[in-house]
Amino acid sequence: SSQNHLEMPPWRFRSGDLACAMVIAVATATAASVVVAAGAADGEAEFDYRKLSGIIIPGFASTQLRAWSVLDCPYSPFDFNPLDSVWLDSTKLFSAVNCWLKCMLLDPYNQTDHPECKSRPDSGLSAITELDPGYITGPLSSIWKEWVKWCVDFGIEANAIIAVPYDWRLPPSMLEERDLYFHKLKLTFEIALKLRGGPSLVFAHSMGNNVFRYFLEWLKLEIAPKHYIQWLDKHIHAYFAVGAPLLGSTESVRATLSGTTSGLPITEGTARLMFNSFAASLWLLPFSKYCKADNVYWKHFFEGKAHINRQQCDEMEYSSDNSGWPTTLVSIEVPTVRGTDAYPSIMDITEDITSNMECGKPTLLSFSAREVSDGTLFKTMLDYDPQSKALIHQLEKYYQGDPVLNPLTPWERPPIKNVFCIYGIDTKTEVGYYFAPSGKPYPDNWIITDVIYEFERSLLSRSFFFWKA
């Protein structure tokens, strides 16, 4: 499937979709055992589906983060101590939002922790079942809890389900550099094989599919090429892509430019500030289905030389205005005032500047999916929004300059025997936005004036129907 996907925040995700994935997985595994058993008469070994393991790779914001610092929070009865819940502790978020932000934010340039607080991902199934356990908050933040209950109902053994949580704030290369995440993931598959005696079923949700894709490319460089396919055949029986953002997620653009709270008790500006500090946010940017990255493997023969994974696009990209998407992704009105005067600092707001921005004749700029993923959008906005400098840095360092691959490019079917793509239906998907200046300083300097949805082969604006395929 090349269909785009809207990244669904975990507290709005319907666990029934995951339960559906489990039903399909068990049915598939059972069918596979019957097929292989039928061939046993011809001398083939019978496949026992009871030996399968389930490896869960969660999505963006779908893993609990815990404090690894002692942080005193003034004017609040709550402090942060090692192993305290950070993502997501609604009590501390309500009572000490500034303290909470220190434990959540990363340095936008090098992805290091805040000097006063650091957080790390929790481990085990409990890290992904509920983000904010509790009588009231638990059901609202449930992710994989119902899915695990289904596993129990199906008689799945406790050691057959393995979660592989990760710090969803980090870009792919930093996951390996800081936490050795992909080394650990490889060992997880190998341990599961030893423990159960059979290969694994991979369940990747949302951005977890991007993580799994990166793992497969990383694995090519980690083991000998002739052993790569053998390793996959031995350790992975099937891959279930649940809500995979195969062409990216437009909501990441919305969060980058104006912020999206997803129901949290914070302002959109605060959400934008937090979102833009996570380089992983750009992992979900939309991109063109007609543009591929350079082959990066040659660079490993030229150690020490910088390499940027530039996009190479075919003719279809330039004969279509929308990079294979149903509409232009971003249309934005920019003010007549540019540079540092376009958006004053929080200490330097004046009525004159605001008046100029409101009364000056705006210019409407439009950007396709390719122009979002290759940085054209952010480089253009640098004239009007200096904070785009950090996003350009993240894009060039952690994606275009990634040593394994540029993740903001379409990927081919992975060389796994059984691959299944599972999506929700009958839901409008955001595919485009109109932005305009708000007259306020960063991070509240842009507002959304319209949203374009795709629904049943039609395009709809937020307020009215305007096109039918």
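A: What follows describes the sheet, then the helices, and ends with a cavity. The model is predicted.

The sheet is open and has 5 strands, in the order E5-E1-E6-E7-E12, and the pairing is parallel. Strand E5 (161-163) and strand E12 (418-422) stand at the edges. Each of these two has a single partner strand, so one side of each is left without a neighbour in the sheet. On average, neighbouring strands are turned by 20 degrees against each other, with direction ignored. In general, the strands of a sheet pair through backbone hydrogen bonds, and the pairing is either parallel or antiparallel.

Strand E6 (residues 200-205) and strand E7 (residues 236-242) are joined in the parallel sense over 6 bridges. Within this pair, Ala 204 has Ala 241 of E7 as its bridge partner.

Helix H8 (residues 181-196) lies across E1 (53-57), E5, E6 and E7, and its direction makes an angle of about 165 degrees with E1. Helix H10 (residues 225-235) lies across E6 and E7, running at about 80 degrees to E7.

A search of the whole structure finds 2 cavities of 30 Å³ or more. The second largest cavity has a volume of about 70 Å³. Its lining consists of Asn 210, Arg 213, Pro 245, Leu 246, Trp 283, Phe 287, Pro 407 and Trp 411. By type, the lining residues of this cavity divide into 6 nonpolar, 1 polar and 1 charged.

Conventions: Residues numbered from 1 in each chain as written. Predicted model: local features only at pLDDT ≥ 70, side-chain atom pairs only at ≥ 80, totals over all residues. Heavy atoms only, no water. Pairing = 2+ DSSP bridges. Helix = DSSP H or I, 4+ residues; strand = E, 2+ residues; numbered from the N terminus. Axes fitted to C-alpha atoms, helices over the stretch in contact; angles between N-to-C directions. Contact = heavy atoms within 4.5 Å. 1 Å grid on protein atoms, 1.4 Å probe; cavity = no way out; pocket = protein on both sides within 12 Å on 5 of 7 lines; lining within 4 Å. Points joined across faces, edges and corners; volume = space filled by probe spheres on them. Nonpolar A, V, L, I, M, F, W, Y, C, P; charged D, E, K, R; others polar.
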